[in-house]
Amino acid sequence: MPKIDIGNIPVNKVRTGTDAKFITRAFLDNLYYAQGVTLINASRNDLYLALSLTVRDRMLSSWSKGLHDVIESEISKDYKIVSYLSAEFLPGPHLENNLICLGMLEETKKAMESLAIDLDELLEQEEEPGLGNGGLGRLASCFLDSLATQCIPAFGYGIRYEFGIFDQELHKGSQVEITDKWLYYGNPWEMAKPELSQEVYLGGFTKGYTDKKGKYRVNWIPGRVVKGIPYDTPIIGYMNRNYTTMRLWKAEAIESFDFQEFNVGDYYAAVDEKVASETITKVLYPNDETDAGKQLRLIQQYFFVSCSLKDMIRIHYFRNEEIKTFDRHFTIQMNDTHPSIAVAELMRILVDDYHMNWDKAWRITRNTLAYTNHTLLPEAMEKWQLDLFRNLLPRHLEIIYEINHRFLEQVRVKFPDDNGMTYRVSIIDEAGCKYVRMANLACIGSHSINGVAVLHSELLKKHLLNDFYRLWPEKFFNVTNGVTPRRWVAVCNQALSSLLTEYIGEDWINQYHTKIQEIERFVKDKSFRKRWQEVKLKNKTRLAKWVRKHTGIEISTDALFDVQVKRIHEYKRQHLNLLHVLTLYNKLKDNPGLDVPPRIVFFGGKAAPGYDMAKLDIRLINAIGSIINNDDEINHKLKVVFIPNFNVQNGHLVYPAADLSEQISLAGKEASGTGNMKFGMNGALTIGTLDGANVEIREEVGAENFFLFGLTTEEVFTRKSTGYDPRKYYDKNNMLQRIFGQVSSGYYSGGDTLVFRPWVDSLLYRDEYMALADYQSYVDCQELVGNTYLDREKWTTMSILNVARMGKFSSDRSILEYLKNIWSPANGK
């Protein structure tokens with residue numbers, strides 16, 4: 001192994017140098033002085049932490065300067081400070097991403113090799129922050145990456161969950177949730193800032209009074225006060241030494257230990273307040289099936305929003321600005337409805353704490369706030385029972401009543417003949433047990449409302465938010481989602497990254513939205529095509545090794561890798577994919593010599609702990625896989641693999657290896673989707689419906705390079721409105737009858753005829769997401785997929801063109817559109 005001379009190195013270079021010798025010296029220093037060990041007795045985690053601290057050292061000077069520029073210096077008039085409020089962030093592992101964005105990866109490899117350390121093992125050691133449930137959190141993290149790369153001053157505000165999204169294990173094919181202890185071995189990337197803590201009020205009551213100027217005021221006397229401690233993590237831009245800060249809040253007690261209680265012998269009561277306060281940020285998304293779970297979830301949302309708004313105002317004052325100019329310097333993007341309590345909280349701060357008159361406070365609030373909607377499912381539009389809301393946030397309910405009163409007066413004036421409109425747009429749902437409708441609050445209190453794909457935005461205007469669109473058409477925008485090419489190509493697919501850089505230069509990494517199209521001119525280049533195929537094979541081989549290690553299943557890299565990895569949910573229609581698997585299985589059993597390419601069907605994703613039907617999907621996937629994978633007559637042509645505990649880290653393996661991307665939700669149900677973009681950037685072809693961003697992907701890559709099936713949104717609405725009956729499709733289709741007969745008979749469950757009965761009944765008698773209506777179209781389209789894959793040269797052409805035409809789906813383009821249409825100083829006036 002190469003030896004590196006690390007003698008006589010200037011002290012500043014130990015902290016900042018990026019050559020292998022500087023990295024080596026700094027690594028050894030951190031191992032000894034930070035971890036208290038040497039190479040002889042260091043654990044793998046010690047080595048990982050020492051290297052991470054070494055990399056963090058090289059980020060700190062630029063990060064600190066960037067924070068100084070945002071907080072203390074004059075910001076360009078072209079920008080506001082962007083505050084991105086999100087209940088979820090899924091940043092993924094930091095180490096490799098930071099090494100690539102700093103341009104340090106190769107020198108770090110050399111440094112570790114000189115010490116006989118395998119860098120890959122240290123990368124595998126990193127515990128992934130499980131601070132989100134899926135696409136929402138990953139999107140937020142992609143946006144922070146792009147904000148940094150585009151040099152836009154920004155903070156990402158959220159919650160520092162002690163236990164993130166659960167780890168998923170499979171016991172006899174069923175999902176079992178295991179506590180995600182992501183902080184157990186330490187997190188070297190975050191820095192606690194207790195001196196920037198904020199106090200948050202909960203419960204209690206309000207009391208009106210008249211101030212010295214004769215103005216009516218309200219004082220909120222809380223029943224409880226908790227403290228929010230910020231933990232900062234630098235999110236680096238690519239090769240520009242620019243950073244955004246992800247600031248996550250941890251809840252603590254104002255006084256964590258009561259000496260009086262302790263001294264009288266009540267030792268448990270002495271720490272009651274500590275336990276109660278820290279519970280707030282203990283776990284991501286507590287089960288809200290119970291009243292206690294609902295209460296905790298509302299507290300979580302208010303806690304991080306209140307801390308974040310107060311932090312922004314602290315920064316505003318630190319810059320010697322007055323509160324009346326707050327909206328000129330900050331723009332706040334609410335990532336879905338979870339942070340929408342920001343409308344009422346900002347009003348409370350301005351009116352109660354700064355004694356601003358209502359109209360001026362309302363103008364600042366609306367000019368500052370913008371709302372991104374991420375759903376087309378009415379049941380996902382968050383609302384809280386009135387009594388729960390009143391008990392936790394009594395002052396906010398009063399403010400919401402006032403906002404609602406003034407708003408509904410305007411509605412009555414503008415639409416005097418539409419008696420139902422005031423009910424539909426009211427923040428308060430008056431039916432039955434009264435509720436506070438948070439999406440309505442967000443729409444009313446924001447200057448901008450945007451969807452996340454063209455189709456989604458149009459459906460919001462036509463259906464879900466139609467009344468608000470009638471009121472304020474000028475508020476509505478579309479910003480199609482995107483994903484960062486740093487994480488989802490440069491980090492996870494280094495073989496493709498090297499090929500792209502060799503042929504078109506490295507500018508594609510930070511200018512993907514304009515540069516990636518340049519590879520299209522090589523689509524007929526024999527050498528380039530051969531290299532393209534080699535890259536895909538390398539990635540498939542890497543995934544096959546991982547699958548063998550973690551599941552014991554042997555798979556062929558010659559097979560078509562057919563992949564559906566995403567949250568398990570009925571609207572994602574994993575069950576439709578399963579219907580095709582069983583169709584192909586039965587066809588192969590009838591004719592083992594069937595001329596189809598070998599196919600490995602991959603599933604991955606987590607089901608919410610209380611979502612029984614989704615968990616049953618997982619169990620059935622594994623049950624079917626067990627039968628098929630052990631059927632020696634056909635398992636050389638078909639296998640099923642469930643990837644356990646799917647997350648960002650194993651996504652690094654899956655997306656580059658995929659040949660086919662399954663984006664098969666019912667048209668009109670998926671807001672956008674971002675997995676479709678990650679697959680596309682890595683050369684997978686898409687089979688999908690005209691749903692979410694699929695529509696735009698198909699437009700960009702060309703209809704001839706997209707496998708389309710299924711009903712359109714209009715057809716879905718028509719069939720639903722005229723009475724959809726899934727049995728009509730079942731009765732006419734012999735293969736469906738055969739499949740349901742097998743599942744019902746216990747063929748895939750060891751003779752147990754009851755275990756999958758709910759799955760069968762759900763599809764035959766309800767089929768809310770119309771899988772049976774789309775089944776035959778999907779199966780026919782899958783046959784076309786198989787035939788196309790048999791022509792490898794045609795498939796390669798389609799794969800190259802998919803990547804070349806994916807520029808639109810970079811999160812850099814999304815962020816620049818937000819900046820132009822929503823965040824610029826000209827907007828929100």
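Me: Where in this predicted model is valine 785 placed, and why is valine 785 called buried or exposed?
Reply: Valine 785 sits in helix H33, which spans residues 771-790. Its relative accessibility is 0%, and since buried means under 20% relative accessible area, valine 785 counts as buried. The C-alpha atoms of valine 785 and valine 452 are separated by 28 Å, the two residues being 333 apart along the chain.

Me: How do you know what span helix H34 should have, and what do its end C-alpha atoms show?
Reply: Helix H34 covers residues 792-804, which is 13 residues. The expected span is 1.5 Å times one less than the number of residues, so H34 should span 18 Å, and the 18 Å between its end C-alpha atoms agrees with that. Among the buried residues of this helix are Trp795, Met798, Ile800 and Leu801.

Me: What is noted about the phi of asparagine 320 and of asparagine 645, and why is each called buried or exposed?
Reply: Asparagine 320 has a positive phi of about 60° although it is not a glycine, and asparagine 645 has a positive phi of about 55°, again without being a glycine. Asparagine 320 lies in the loop between helix H10 (291-318) and helix H11 (326-329), and its relative accessibility of 71% is over the 50% cut-off, so asparagine 320 counts as exposed. Asparagine 645 is found in the loop between strand S20 (638-643) and helix H26 (648-657); its relative accessible area of 17% is under the 20% limit, and therefore asparagine 645 is buried.

Me: Why is the contact between arginine 348 and glutamate 345 called a salt bridge?
Reply: The closest N and O atoms of arginine 348 and glutamate 345 are 2.9 Å apart, and because the definition asks for a side-chain nitrogen of Lys or Arg within 4 Å of a carboxyl oxygen of Asp or Glu, the pair forms a salt bridge. Both residues lie in helix H12 (residues 342-353), 3 residues apart, about one turn of the helix, and both are buried.

Me: How do you know whether glutamate 398 and arginine 395 are buried, exposed or partly exposed?
Reply: Glutamate 398, at 31% relative accessibility, falls between the 20% and 50% limits, so glutamate 398 counts as partly exposed. Arginine 395, at 8%, is under 20% and therefore counts as buried. These residues form a salt bridge, with their closest N and O atoms 3.0 Å apart, and both lie in helix H15 (residues 394-414).

Definitions and conventions:
Residues are numbered from 1 along each chain as its sequence is written. This is a predicted model: local features need pLDDT of at least 70, side-chain atom pairs count only at pLDDT 80 or more; totals for chains, interfaces and linings use all residues. Side-chain values use heavy atoms; hydrogens and water are left out. Helices (H or I, at least four residues) and strands (E, at least two) are DSSP runs, numbered from the N terminus. Buried means under 20% relative accessible area, exposed over 50%, partly exposed in between (1.4 Å probe, protein chains only).
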